[in-house]
Amino acid sequence: MQHNTWLQWGALIIEHKLTPSIYVKLIFPDFLQLGIAAVLWNSRESLFNLLEFRRLVLNYKPPSNVQDLPRNQKEHRNLPFMRELRYLFALLVGTKRKYVDPSRAVEILKDAFKSNDSQQQDVSEFTHKLLDWLEDAFQMKAEEETDEEKPKNPMVELFYGRFLAVGVLEGKKFENTEMFGQYPLQVNAFKDLHECLEAAMIEGEIESLHSDNSGKSGQEHWFTELPPVLTFELSRFEFNQALGRPEKIHNKLEFPQVLYLDRYMHRNREITRIKREEIKRLKDYLTVLQQRLERYLSYGSGPKRFPLVDVLQYALEFASSKPVCTSPIDDIDASSSPSGSISSQSLPSTTEQQGTPSELPSSSPASGATLSSRSVIHKPFTQSRIPPDLPMHPAPRHITEEELSVLEGCLHRWRTEIENDTRDLQESISRIHRTIDLMYSDKSMIQVPYRLHAVLVHEGQANAGHYWAYIFDHRESRWMKYNDIAVTKSSWEELVRDSFGGYRNASAYCLMYINDKAQFLIQEEFNKETGQALVGLETLPPDLRDFVEEDNQRFEKELEEWDTQLTQKALQEKLLASQKLREAESSVAAAQAGEPEYLEQPSRSDFSKHLKEETIQVIAKASHEHEDKSPETILQSKPENTTSQPPSSQRVVEVAIPHVGKFMIESKEGGYDDEIMMTPSMQGIIMAIGKSRSVYDRCGPEAGFFKAIKLEYSRLVKLAQEDTPPETDYRLHHVVVYFIQNQAPKKIIEKTLLEQFGDRNLSFDERCHNIMKVAQAKLEMLRPEEVNLQEYEEWHHDYKKFRETTMYLIIGLEKFQRERYIDALLFLICAYQHNKELLSKGPYKGHDGELISHYRRECLLKLNEQAAELFESGEDRDVNSGLIIMNEFIVPFLPLLLVDEMEEKDILAVEDMRNRWCSYLGQEMESNLQEKLTDFLPKLLDCSTEIKGFHEPPKLPSYSTHELCERFARIMLSLSRTPADGR
């Protein structure tokens, strides 16, 4: 398994939990770095959960004479690495932070694995080197603490064992004792871990070890000393000489939760040899039985073979069928002669077989002529139907009762004999399998149990893939899955599915077993006085306890500073709000001349502050009179005391405004701006002016303006507070509703309403024209210090972006429903990005983020499916089209699914897309396809959140408010009829 090693390192963060588990978050700009980093931290995670290893690291102290040691490259690397490793483990044990930064340890690893010739590092080689660093660091300490010639190294004691190699080389016997750390095992051609071990422990012709034949060579391995932590490297990669590249072995390999190693121990070699000879004899006998069974199950001499029992049954069925007197060909000739006439000799037999004489055609010349001239009618359901008296299967023509009786007796007897023979063979085979399986089950061979502690998994092929780990939580007695940032509860069933192989392209490449009798490996420390288990900081030595406490104090100080900043910010916002309130109150006091505060909720007491006493009753009466009248009736009614004749230059036009009605508009040009007049905001203003007609007639334009704007503001407040269905969004109807929901300053709302009441399009009759003039006058009276123009523009800019976001969303969803996924993706991504920016300013400034996120995610999944299908076709043109889709639309936008708090649904979608393409790694394909897949996969599996490229936002077409609202309602209704999955 080859990977580029440590090209560039990004940020790597470990998230600490209260349990002995850590989350590993990798952010690397290159996929190949991610692979080797995943191997590192999966290995580190499996070791961290071994309490004995954790204790060794935490209690490690560098040599006291470190200043006197020669500063060679090895010591320059190992001692600082151990120091940073201790700090890292200590923080994982006792920190109050959620995240721990291991960048210093990472930098040391990065420097150590730099390759001068830019060669690639093997994963097993990397793991060996990591253990070597730990061994060297502890060796320096061990040499300082003892004067013995070979001081004990705790890392060696923990991870290293010994085996005895006994063999014959060119006729000469030899014995060698060797030390091992991670024990390599071949996977190919083996079905379980014991078969791999048997093959690894016996090499060559082992018969030469126990015979006088000196011409053969071979050897046996016997464990003399097993380490408490036993690690197996599963070699799932081999070099394909024909293709000139490494390939992964996807074969299924089973391994047990408890592995008994007694049969491989040197002290049991004599018993094991006897059992191996017995197993060999049984397997040879088993091979003979299986060959015999195969002859019964695949009988025949031709290319097609059938079970012999079935062959005899078919022969019995043939012999027992009803005999027939004519051949199949004669039967066909009798029923249809070439000339079209029917033979008179065949009529009786045909009559017997097909029905009554009345159904037969006439044999007269006239009838014959009619029959020959009649066109053939094809009847697909009746023409080929077999007559009821014809046999369903071929049958013998001539067979006597005596012959049939003898034949049936023989066939029955032979079939019974074959069934018995087959059953006996199958039972014998099963019995031998059970004997082999139980060969090592006696008590003397189950004294060395090793329990599975961790499984490291790789998914993919030799040159690309994904890593994760399963680690057993001994405290909770359950399996945990460590997959990048996700640490989840798991099960043995899930581990089997992902680790045995043969399913997808995932399989275990490393197994870590621990001695089940060595409880010190996982046993917690206890207080000698109280007998209670030590937890957290209590388990740390004094120097690391001080280090963690200092870091926790710094963290608490950071939290205090953060809280102080938040408090100061809240206080500043509160002071700013109170200052704005005082300014508003002073502006009200300055407007003693009677300028109304018409943006408050309308009430009689508030209204009386701004109008004369004698006007109150008039307003109340007028409002009551016109409360139930329609806008059309109100607008078409004439004033009581005035009659206005249109000037001769004016023309009268009948206009129909939605939701308002039909009425006459007077205009010098005979027209108006229909786009503005059709907007919901203008419709509301016209309705408000119509309802204020009575006040206008009795008290003048200014009182009518006050009445109209109060009515309109009251209506908009009600709309802003209304609970509406998804297809109705009043923010699209009116900017003021958007402002009210987002708590815009009152002066911003006032200026916006004044501009709408002052719109020139309201000059279509005298009443609207005069109210428009009042509104324009009020606008001119607003002083610059009363309204922050920059803030005003920002609010309107946000509303403009909200409308644009809505249009992006509408077009994206419309194209998604038409299955135009590439176009839809660009619009949905723009909608999501704009909406995200709006929502960061307030919860009501944008649309439902989950809705947009869902369809953006679904669009990427649909495109991924299309691209995968094109790739599977194998055609160059389709393959290139599929990869273009992936490279230009999927890969550049995947980081967008990973940056927003790492939402679970987005992560699952990304994993689904990656798994789809990783599944091709184990399939046979042409070399050019394999090459393209190899070039493409690193881009897809890159876990960085940096956006590599982004298309220009698509241009939006021009649209009116009326069109925007209608299309939004239509698309949202269609979504409600077909709810999205997971919504």
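I started at the contact between two helices: Leu 809, Leu 813 and Phe 816 in H27 meet Ile 852, Tyr 855, Glu 858, Cys 859 and Lys 862 in H29. Contact here is heavy atoms within 4.5 Å, and helices (H or I, at least four residues) and strands (E, at least two) are DSSP runs, numbered from the N terminus. I sorted the residues of this contact into six nonpolar, no polar and two charged. For the classes, Ala, Val, Leu, Ile, Met, Phe, Trp, Tyr, Cys and Pro are nonpolar, Asp, Glu, Lys and Arg are charged, and the others, Gly among them, are polar.

A note on what I'm looking at: this is a predicted model, with local features needing pLDDT of at least 70 and side-chain atom pairs counting only at pLDDT 80 or more, while totals for chains, interfaces and linings use all residues. Residues are numbered from 1 along each chain as its sequence is written, and side-chain values use heavy atoms, with hydrogens and water left out.

Next, the geometry of that pair. The axes of H27 (residues 789–817) and H29 (residues 849–873) come within 11 Å and cross at roughly 40°; axes are lines fitted to C-alpha atoms, for helices over the stretch in contact, with angles from 0 to 180 degrees between N-to-C directions. H27 and H29 are therefore oblique to each other (under 35 degrees is roughly parallel, over 145 roughly antiparallel, 65 to 115 roughly perpendicular, the rest oblique).

Then I looked up Glu 84, in helix H3 (residues 73–94). Buried or exposed, I wondered about Glu 84? Glu 84 counts as buried, because its relative accessibility is 11%; buried is under 20% relative accessible area, exposed over 50%, partly exposed in between (1.4 Å probe, protein chains only). Leaving aside residues up to four places away in sequence, Glu 84 touches Arg 104, Ala 105 and Ile 108. Its C-alpha is 5.5 Å from that of Ala 105, 21 residues apart along the chain.

Last, I checked backbone angles. Most residues other than glycine have a negative phi. Ser 477 has a positive one, near 55°, in the loop between strand S16 (464–473) and strand S17 (478–483). With a relative accessible area of 52%, Ser 477 is exposed. Gln 743, not a glycine either, has a positive phi of about 55° and sits in the loop between helix H24 (735–741) and helix H25 (746–757). Gln 743 counts as exposed, at 70% relative accessibility.
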